[in-house]
Amino acid sequence: MRILAIETSADETAAAVTDGRNVLSNVIYSQIVTHAKWGGIYPALAKRAHEEKIDPVVKKALEKFNLNKDIDYIAVTYGPGLAIALEVGIKKAKELAQKFHKKIIAVNHLEGHIYSSFAQNSKGNPKHQFKFPYLAFVISGGHTEIVLFKDHCSYQILGETLDDAAGEALDKAAKMLGLGYPGGPVIERLAKQTDNKDYYGFPRPMLKSNNLNFSFSGLKTSFFYYLKETPEKEKIKNIKKLASSYQEAVFETMEKKLESAIKKTGINRVVVGGGVSANQYLRSKLRFLLKKYGGSILFPPFKYLTGDNATMIGVAAYYKAQKKMFVKNVDELDRVPRLEL
Ligand code: KG4
Ligand code: ZN
């Protein structure tokens, strides 16, 4: 089953052609440079960039395919995300669906991140068999959620962030340290140079709470006041130690919450998705955790699958298509910026 997938929920304009779990083509135009100077996504610029890039990106993804003959369905992200960004992808999907008489599969962006660990290259590798249920850990710039992934297309949120997402917490700290956007990769690099040690013991939020929810605003505030009270020279001198200590506070919180979820549910198979899952140190931490519980953990197998991409939307759409979850009335398909799983 060949699917043309489109994703425009944030700052990546992306299109892909997938065949089941296999990726046949994947194109991503990243707007990071456009937004870098604002320290985050600037909505009006995102809309314009999506509008400029959607046609060339879709065209490139379809380079080796004839939409009419080679493609069975069109998949598109309809939320959650930035309304004016989502609209661009949805409009394109509708236009192509109507012109070429294809059915649309509307995909939740978070579903995409959850399925990203199961994507395979065109040769069908890596070959992980599904073994439900899983705990799915979605960790991105917009979301931090622990989800019970019961079966294909069946989810239950067990815990989520009450304020900032993990990636957002890293981005904000990086901004306070003057490290630019996005912050996750820079913090990872600096922290590695101190062997990921914790020097300052910033607070680990919500660890004592008896639920699986997250909150990073307290940590962010504590970091802010620490920096405010610290002379500039000392901040610069200790920038690696600060980055590493902050990262450790975020990651240890994530690790402990995931551990609570494993204990609570008795499920020791985990899939991880979202931009923060690119972090190698976090991967090693979580692998170690799952080893302790005799379980297994899957991460997106290719780097481009950690951040926003359309391949993951195509893979999720394949399982929705098998359940005949098509959009019934294309005219009524609309973006849902606060869509939940
Ligand atoms: O999934 P994503 O590309 O977009 C959203 O759906 O939000 O995630 C972006 C987030 C940003 O906050 C970015 O700082 C973070 O992922 N990120 C990382 C790394 N690469 C990207 N965080 C930690 N370590 C990384 N290597
Ligand atoms: Zn995302």
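## Basis

In this predicted model, local features need pLDDT of at least 70 and side-chain atom pairs count only at pLDDT 80 or more, while totals for chains, interfaces and linings use all residues. Residues are numbered from 1 along each chain as its sequence is written, chains are lettered from A and ligands numbered from 1 in the order in which they are written, and side-chain values use heavy atoms, with hydrogens and water left out.

## Ligand 1

The shell around ligand 1 holds 22 residues, and the closest are Gly141, Asp171, Gly184, Glu188 and Gly275; a residue belongs to the shell if one of its heavy atoms lies within 4 Å of the ligand. Oxygen atoms of ligand 1 take part in polar contacts, defined as pairs of N or O atoms within 3.5 Å; within protein, one must be able to donate a hydrogen and the other to accept it, and residues adjacent in sequence count only if both atoms are side-chain atoms. A polar side-chain atom of Asp171 is 2.7 Å from a ligand oxygen, and a polar backbone atom of Gly141 is 2.8 Å from one. For Asp308, an N or O atom of the side chain lies 3.2 Å from an oxygen of ligand 1.

Taken alone, ligand 1 exposes 560 Å², of which the protein buries 86% (Shrake-Rupley method, 1.4 Å probe). Helix 5 (109-115), helix 6 and helix 7 are the elements that give two or more residues to the shell around the ligand. Helices (H or I, at least four residues) and strands (E, at least two) are DSSP runs, numbered from the N terminus.

## Helix 7

Helix 7 (residues 183-192) is largely enclosed by the rest of the structure, because 7 of its 10 residues are buried. Buried means under 20% relative accessible area, exposed over 50%, and partly exposed in between (1.4 Å probe, protein chains only). The buried residues are Gly183, Gly184, Val186, Ile187, Glu188, Leu190 and Ala191. Their packing partners are helix 6 (166-176), helix 10 (239-265) and helix 11 (280-292). Two of the buried residues, Gly184 and Glu188, are also among the closest to ligand 1.

Thr194 lies in the loop between helix 7 and helix 8 (217-228) and counts as buried at 8% relative accessibility. Its side chain makes a polar contact of 3.2 Å with that of Ser244. Leaving aside neighbours within four places in sequence, Thr194 is in contact (heavy atoms within 4.5 Å) with Tyr199, Lys240, Lys241 and Ser244.

Met206 is placed in the loop between helix 7 and helix 8. Its phi is near 65°, a positive value in a residue other than glycine, and at 22% relative accessibility Met206 is partly exposed.

## Other backbone features

Most residues other than glycine have a negative phi, and most peptide bonds are trans. Cys153 has a phi near 60°, a positive value in a residue other than glycine. Cys153 sits in the loop between strand 7 (144-151) and strand 8 (154-160) and is buried, with a relative accessible area of 15%.

The peptide bond from Gly79 to Pro80 is cis, with omega near -10°; Pro80 belongs to the loop between strand 4 (73-79) and helix 4 (83-100). The bond from Tyr181 to Pro182 is cis, with omega near -5°, and Pro182 is in the loop between helix 6 and helix 7.
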